[in-house]
Amino acid sequence: MEPLSSYLIVSSALLGIGIYGLVSKRNAIRLLFSVELIVNAANINFVAFARYSNPPILSGWDIVFYSVAAAAMEATVGLALILVAFRLNGTIDVRRLNRLRG
Amino acid sequence: MAFDSWTLMLIFEFLLFLGIFPLLIFGWLMSAKGRNAIRDAPFESGQTHLGEARQRYMMQYYPYLIMFVVFDVVAMFLFTWGLAFTALPFAQDFLFLVFLVILVAPLGYALYLSGKTEVW
Amino acid sequence: MKRLQGLPTFQELVSLAVRIITSRTFLEIVVFPGLLNILLSAALLTWLERKVIARVQLRIGPLYAGMWGILQPIADGVKLMFKEMIFPELADAKLLMLCALSLMLIAAAPVVAIPFGDGLVIANMDIGLIYVFAVISLFPSVILLIGWGSNSKFSFLGGLRSLFQQVSYEIPMWLSVLGIVMLTGTLNLSQIVKAQQNVWFALPQVLGFVVFFTAVLAELERIPFDLPEAETELVMGWMTELSGVAFMLGFLAMYTKLYLMSALITTLFLGGWLGPFTVPQPVWFVLKTFVVASIIVIIRGSFPRVRVDLLLKAGWTRLLLLALANIFVTVVLILLGLDWVWRV
Amino acid sequence: MPDIAFLALSGLVIASAIFALEAKELIYGAVGLAFSLIGVAGLFVLLGAEYLAMFQVAVYVGAVVVLILFTIMLVQRESGRIVEEEEPGRLGRAGVLVAGLVALAVAGAVIILAPVSPEAPESYRVPLRELGVSLASSYAVALVILGLLIGATVLGGLTLAKIDREEKPSGTAQ
């Protein structure tokens with residue numbers, strides 16, 4: 001069985017990729033991808049820590065349940081926002097969405 | 001030779017892949033490759049095709065999609081409840097009823113909106 | 001040459017191969033509940049469907065290939081293998097082939113968890129039911145991608161219809177089996193079959209059975225819910241621009257799905273491998289599955305099609321309400337203390 | 001055997017995450033995201049949380065990715081391709097730098113500070129019924145709040161996405 005740290009390295013790498021996307025991408029949907037990746041990095045950490053405790057803690061899994069559910073809701077509202085932004089401005093490039101006009 | 005069930009699942013999928021991937025390659029290799037404007041046209045009942053295929057269709061059913069995402073989550077939570085139903089004390093069973101009742105008004109709104117075709 | 005000393009000899013390799021091939025696990029994966037079973041059954045179902053529909057419509061159906069045309073599926077397969085794969089201009093050939101491949105992989109995956117007999121299951125998963133549902137829920141995205149990648153209006157429209165239909169009927173399908181999970185307290189499909197030793201779940205869960213059967217018809221895109229590939233409106237729906245081997249894979253995937261969904265209905269509601277006479281368990285199971293599949297086929301021969309918006313609305317209102325009603329019936333059953341009948 | 005599985009899965013997760021962000025077409029990016037999320041579900045299976053893995057597959061790949069694909073198809077223009085403006089290379093380099101620093105810092109901090117308990121049980125599966133019990137008892141308040149969140153999502157998402165007649169620039173409606 002792998003050591004705990006290997007899971008943590010994977011999740012850190014995923015977090016890094018997500019932050020890279022948030023910093024360098026300007027397409028709203030790609031920003032949403034980045035957010036999802038970051039949430040998943042956190043979830044891996046939760047499950048890994050819960051699994052490697054002795055005895056394993058059930059709360060880790062419970063929290064990930066709520067985390068996945070909340071992330072799905074976030075994606076739903078985020079995509080609706082992107083849809084509205086596209087309808088009003090004709091683009092989903094976040095650099096163009098800098099005017100606060102409904 | 002006892003395998004984990006997920007390993008068995010992967011072995012099964014891999015063998016199936018080994019079975020059908022050569023078929024696809026075979027079909028790709030055996031097929032004629034000539035390009036031809038008429039043959040490559042998308043099927044439109046024999047007519048010359050007009051306009052873009054990837055148009056913006058069917059925004060009308062967007063509420064159903066949102067309800068699906070929401071109810072996916074709800075159903076998964078309900079399955080944990082169903083598993084634990086007999087193990088839980090009676091009062092806590094009905095917590096999930098509260099959980100469902102909260103959802104009634106938003107879903108009613110979603111159904112109402114999906115019926116109003118003029119807002120989509 | 002020193003390193004080669006450690007390598008096994010040819011005879012050792014052969015005996016190892018023989019041992020693997022004759023091992024129970026391998027036979028289960030490749031022959032009976034596994035590959036050969038589902039591929040042959042799917043092929044047989046294509047023939048059965050053509051024959052039954054022909055009888056319903058006072059025709060004869062396939063006749064020349066083999067006895068009663070039973071070899072027709074093989075002839076079709078050979079024909080399709082040598083057909084050219086034509087992809088329309090601007091279509092994404094790689095994406096389409098990847099999607100056809102993954103359609104087949106997804107369609108066959110549930111067989112891993114379905115028990116064809118007591119202990120005759122490839123992987124006896126504790127979460128078998130949820131596994132099957134999770135795998136089935138991968139279909140809409142693949143179909144949407146096929147519709148998009150084809151660059152054809154028929155495909156795209158069919159893909160979108162299929163997406164909305166599957167999405168609308170997945171939730172009632174999930175909720176209709178919640179009653180069974182509550183009664184048995186397990187997600188393991190073998191345990192669920194064993195729980196039906198006294199009474200099949202079709203009786204106490206009759207509402208759930210009706211909802212599940214209807215939702216399965218919609219998931220399979222069959223009449224009266226065949227809007228995604230309504231032949232008279234949308235040609236072949238999202239499969240319009242698939243051809244050759246890609247079409248074969250998509251078509252086979254649909255029939256594999258039909259077979260496995262019938263198997264799931266049998267497992268959940270009709271007592272799985274259990275039966276009154278001393279017939280081998282897999283025979284009972286396959287027999288029941290084919291009866292369910294034939295009923296689904298006969299329904300195709302006798303019902304008209306529903307309009308798409310009415311269909312979606314019915315899924316979200318009536319079917320969902322029926323599924324919830326089924327849950328409450330189950331709660332009442334448990335509160336009355338009648339659930340001992342199905343305790344494992 | 002688990003080592004190979006772990007390496008393959010983490011490779012899948014990271015490679016397809018990068019592909020999701022770097023793919024030329026947004027549709028391919030969404031497919032990459034789906035594969036990455038399936039890989040995460042595989043990691044959950046390795047960690048013994050099978051139900052959670054199925055939850056992840058059904059909710060993320062079955063629902064969220066479908067919604068993302070549908071939105072991409074709605075916002076496309078010009079023969080199916082989204083016109084993405086060229087990202088300046090400066091921004092990409094800055095992104096790599098920031099992300100690398102943050103990832104290194106987090107990895108270092110987490111690994112150093114992690115309370116390692118080497119005697120964790122070798123094989124462990126989440127007991128399904130206890131999971132349900134703890135969801136309904138210890139996290140009862142969170143469950144009700146989740147219900148409120150879900151309701152707010154439906155209301156908010158639909159109110160955002162529907163077209164208001166008064167908002168139309170033409171002003172002729174009504």
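Predicted model: local features only at pLDDT ≥ 70, side-chain atom pairs only at ≥ 80, totals over all residues.
**Figure 1. Inside chain C, we look at burial and contacts.** Of the 344 residues in chain C, 55% are buried. If you take the contacts in chain C with a separation of 6 or more, 80% of them are between residues 24 or more positions apart.

**Figure 2. Chain C meets chain D.** Here 16 residues of chain C are in contact with 15 residues of chain D. On the chain C side, the elements that give two or more residues are helix 6 (128-136) and helix 7 (139-149). Helix 7 of chain C provides the largest share of that side, with 5 residues. Sorted by class, the chain C residues that touch chain D comprise 12 nonpolar, 3 polar and 1 charged.

Figure 3. Chain D has 6 helices and 0 strands, and from the N terminus on its elements run α-α-α-α-α-α. Of its 174 residues, 41% count as buried. Among contacts in chain D between residues at least 6 apart in sequence, those joining residues at least 24 apart make up 48%.

**Figure 4. Two helices of chain B pack against each other.** In this close-up, helix 2 (residues 62-84) and helix 4 (residues 95-115) of chain B pack at an angle of about 165°, and their axes are 11 Å apart. Angles over 145 degrees count as roughly antiparallel, and helix 2 and helix 4 of chain B are therefore roughly antiparallel to each other. Their crossing is left-handed.

**Figure 5. Side by side, these are the residues joining helix 2 and helix 4 of chain B.** From helix 2 of chain B, the contact is made by B:Pro63, B:Tyr64, B:Ile66, B:Met67, B:Val74, B:Leu78 and B:Trp81. Helix 4 of chain B brings B:Phe96, B:Leu103, B:Leu107, B:Ala110, B:Leu113 and B:Ser114 to the contact. By class, the contact between these two helices has 12 nonpolar residues, 1 polar residue and no charged residues.

Conventions: Residues numbered from 1 in each chain as written. Chains lettered and ligands numbered in written order. Buried ≥ 20, exposed ≤ 12 C-beta atoms within 10 Å, placed from the backbone. Contact = placed C-beta atoms within 7 Å. Helix = DSSP H or I, 4+ residues; strand = E, 2+ residues; numbered from the N terminus. Nonpolar A, V, L, I, M, F, W, Y, C, P; charged D, E, K, R; others polar. Axes fitted to C-alpha atoms, helices over the stretch in contact; angles between N-to-C directions. Parallel < 35°, antiparallel > 145°, perpendicular 65-115°, else oblique. Left-handed = near helix turned anticlockwise from the far one by under 90°.
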